[in-house]
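Please read the points below with the sequence and the model open beside you.

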Amino acid sequence: MASGIRDRVVIAGMGCTTFGEHWNKGAEDLMVEAFEEAVADAGIDREAIEAAWIGNALDDINVGNSALPLAFALRLKTIPVTRVENMCATGTEALRAAVYAVAAGACDVALALGVEKLKDTGYGGLPLRTKGVANDLWMPYGSAPGTFAQLAGAYAAKHGIDAADLKRAMAHVSWKSHVNGAKSPKAHLRKEVSMETILKAPLIADPLGLFDCCGVSDGAACAIVTTPDIARGLGKGLGKSGLVTVKAIQLSASNGWESQYGEWDGSYVRNTREAARRAYAEAGVRDPRGEISLTEVHDCFSVTELVTMEDLGLSEEGRAPADILDGRFDGSGAIPCQVDGGLKCFGHPVGASGLRMAYEVYNQLLGRAGARQLGKVDFGLTHNLGGAPYSSVAAVSILGRLG
């Protein structure tokens, strides 16, 4: 019977580029930058890496959709390299593959790297292969803002929330992220924005305004994972922070239920709830509200973060707006969310986002997040949501310590 991966794999090192408009760098340059930081952090030679995965979703860096650009850019020895893509969960999917390989004993040291150069597409949002003509499974009924605006409407209708109250809660989500992002040297947007500015911004898809939507960026992030014994042999875990270990990585994919059976009311994301349930069980988390120290969630739109707080069990049903306005998820709150600024301030280079989230949690656990550093950090959670609420892939990972 499967027993899960809890504490079988540790993160030996991580790296992350700045996210932004990298007009003067190609995807390969970003890969190298994130990789070199991760290798230096891990304290290993690249020859120790025995397998690698690259997450890349929407741009065209790949040779025949292969992973060869990763091997070429990093000058890896002739090891297996694999490209993965799973919509907006692509970065976490690469990490999941590397972690599972080490947990299974298939290799001792594995690499996961995510990269995307969205600014090169010249498109104002996530560039579908159809260049905005929504005729595929990902967004068949409209644009991304339009689809998530429907999530906001359904949520408000179900819980009887006044439109103005919902707008204030969504604005607080964005305000909070900009406050946090101003402290993140690697964020794309590093400027605080007032509540008044957010509330008065032009509408994109009612009720979502300009500041309710995340931006478009280029970026890369990387993780090197191994066993606890090998990590200790590298001199890791000697301080009070111990080793950063993977407690759980779980993924849930839609099977068509939301669109076909008439039972879903459109106010929540079923796959986030399922992935979270599995991740908590695997990690041994029985009381998420009491045990989770911080979260990095998929705030592609402010309402997504709001709904996700309930889907993760961090707010009671219908209580997320009140919890948000009470500051529960602020940087100084009980469960800080997007302490680095999230997608709102980093943008969403799809292949990199999941690993960028892990990078923040990793640094928080090691006590080296600088001006963003939280006091007590035991468990950090990351969450990705790929596709639309009615056709999604959700990934939830939990990182913690191994003394």
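Is R273 buried, partly exposed or exposed? R273 is partly exposed, with a relative accessible area of 25%, where buried means under 20% relative accessible area, exposed means over 50% and partly exposed lies in between, using a 1.4 Å probe and protein chains only.

1. Basis of the note. This is a predicted model, in which local features need pLDDT of at least 70 and side-chain atom pairs count only at pLDDT 80 or more, while totals for chains, interfaces and linings use all residues. Residues are numbered from 1 along each chain as its sequence is written, and side-chain values use heavy atoms, with hydrogens and water left out.

2. D311 forms a salt bridge with R273, with the closest N and O atoms 2.6 Å apart; the term stands for a side-chain nitrogen of Lys or Arg within 4 Å of a carboxyl oxygen of Asp or Glu. D311 lies in helix α11 (residues 302-311) and R273 in helix α9 (residues 270-283), so the pair ties together parts that are 38 residues apart in sequence. Helices here are DSSP runs of H or I with at least four residues, numbered from the N terminus. D311 is buried, at a relative accessible area of 5%.

3. Salt bridges within a helix. In helix α5 (residues 163-181), R168 and D165 are three residues apart, about one turn of the helix, and their side chains meet in a salt bridge at 2.1 Å, N to O. R232 and D229, likewise joined by a salt bridge (3.6 Å, N to O), are three residues apart in helix α7 (residues 228-233). R232 is partly exposed at 39%, whereas D229 counts as exposed at 59% relative accessibility.

4. A lysine without a partner. K344, in helix α13 (residues 342-346), is buried yet has no salt bridge, and the nearest side chain of opposite charge, D299, is 7.5 Å away; Lys and Arg count as positive and Asp and Glu as negative, with His and the chain ends not counted. Leaving aside residues up to four places away in sequence, K344 touches several residues, among them S174, H178, F211 and D299, a contact being heavy atoms within 4.5 Å.

5. Overall count. By the same rule the count comes to 24 salt bridges, and K117, D120 and D218 are linked in a network of them.

Technical notes. Helix = DSSP H or I, 4+ residues; strand = E, 2+ residues; numbered from the N terminus.
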